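Student: I have a model open and I'd like to learn how to read it. Can we go through it feature by feature?

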Amino acid sequence: QVQLVESGGGLVQAGGSLRLSCAATGVTVSRNAMSWYRQVPGKQRELVATVSAIGTAAIAESVKGRFTISRDNVKNTVYLQMISLKPEDTAVYYCHAVMFPNYWGQGTQVTVSS
C-alpha cells in the first residue's frame, strides 16, 4: 500500500520560502520517479517538479530558478524547496509517485500573501 504524506505548507509573505516534505511508505523514493504537483480550485493539477529514479530533476518553467526538488533516501522522503514565493504559487501541493498513478496524498496548502 502506497502512502504519501505531505507537510510543510503554510502562510508566507511574497518573497518568502517554504520547504515541503513528502514522507513515502510502500514506495522507495530512490528507485522511483517522484513528482510534486499543485492545484488551485477550479483548475487542473499542474506538474511542478520531478526527480527521476537516478536523481535527475526536471522543473516546470513557471517555477524554474525558484523551486528545487530533492530526496533523502534514508528517510524515504521527497522535498520541494521553494524560494522567492509569489502569490500565484498559492495552491495545494501534492506528492506523487509516477509509477503508482492512483495514489495521492492529502496535500499541503501553501498560501502566499502579497
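This is a predicted model: local features need pLDDT of at least 70, side-chain atom pairs count only at pLDDT 80 or more; totals for chains, interfaces and linings use all residues.

Student: Is N32 buried or exposed?

Tutor: Buried means under 20% relative accessible area, exposed means over 50%, and partly exposed is in between (1.4 Å probe, protein chains only). N32 has 13% relative accessibility, so N32 counts as buried.

Student: Which residues does N32 touch?

Tutor: Contact means heavy atoms within 4.5 Å. Leaving aside residues up to four places away in sequence, N32 touches V27, V51, S52, A53, R71, M99 and F100. A polar atom of the N32 side chain also lies 2.9 Å from the backbone oxygen of T28.

Student: Now the sheet. What is the order of its strands?

Tutor: Strands of a sheet pair through backbone hydrogen bonds, either parallel or antiparallel. Two strands pair if DSSP finds at least two bridges between them. Here an open sheet of 6 strands runs β2-β10-β9-β4-β5-β6, with mixed pairing. β2 (10-13) and β6 (57-59) are at the edges with a single partner strand each, so one side of each has no neighbour in the sheet.

Student: How many bridges join β9 to β10?

Tutor: There are 3 bridges between β9 (residues 91-97) and β10 (residues 108-113), and these strands run antiparallel. V92, for example, has Q109 in β10 as its bridge partner.

Student: Which residues touch the most other members of the largest nonpolar core?

Tutor: In soluble globular proteins, nonpolar side chains tend to be buried together. A nonpolar core is a set of buried Ala, Val, Leu, Ile, Met, Phe, Trp, Tyr and Cys residues joined through side-chain atoms within 4.5 Å. The largest one has 28 residues, and W36, L80, M82 and Y93 touch the most other members.

Student: Last one: what is the phi of N76?

Tutor: Most residues other than glycine have a negative phi. N76 has a positive one, near 55 degrees, and is found in the loop between β7 and β8. S84 also has a positive phi, near 45 degrees, and lies in the loop between β8 and β9.

Terms used. Residues are numbered from 1 along each chain as its sequence is written. Side-chain values use heavy atoms; hydrogens and water are left out. Helices (H or I, at least four residues) and strands (E, at least two) are DSSP runs, numbered from the N terminus. A polar contact is a pair of N or O atoms within 3.5 Å; within protein, one must be able to donate a hydrogen and the other to accept it, and residues adjacent in sequence count only if both atoms are side-chain atoms.
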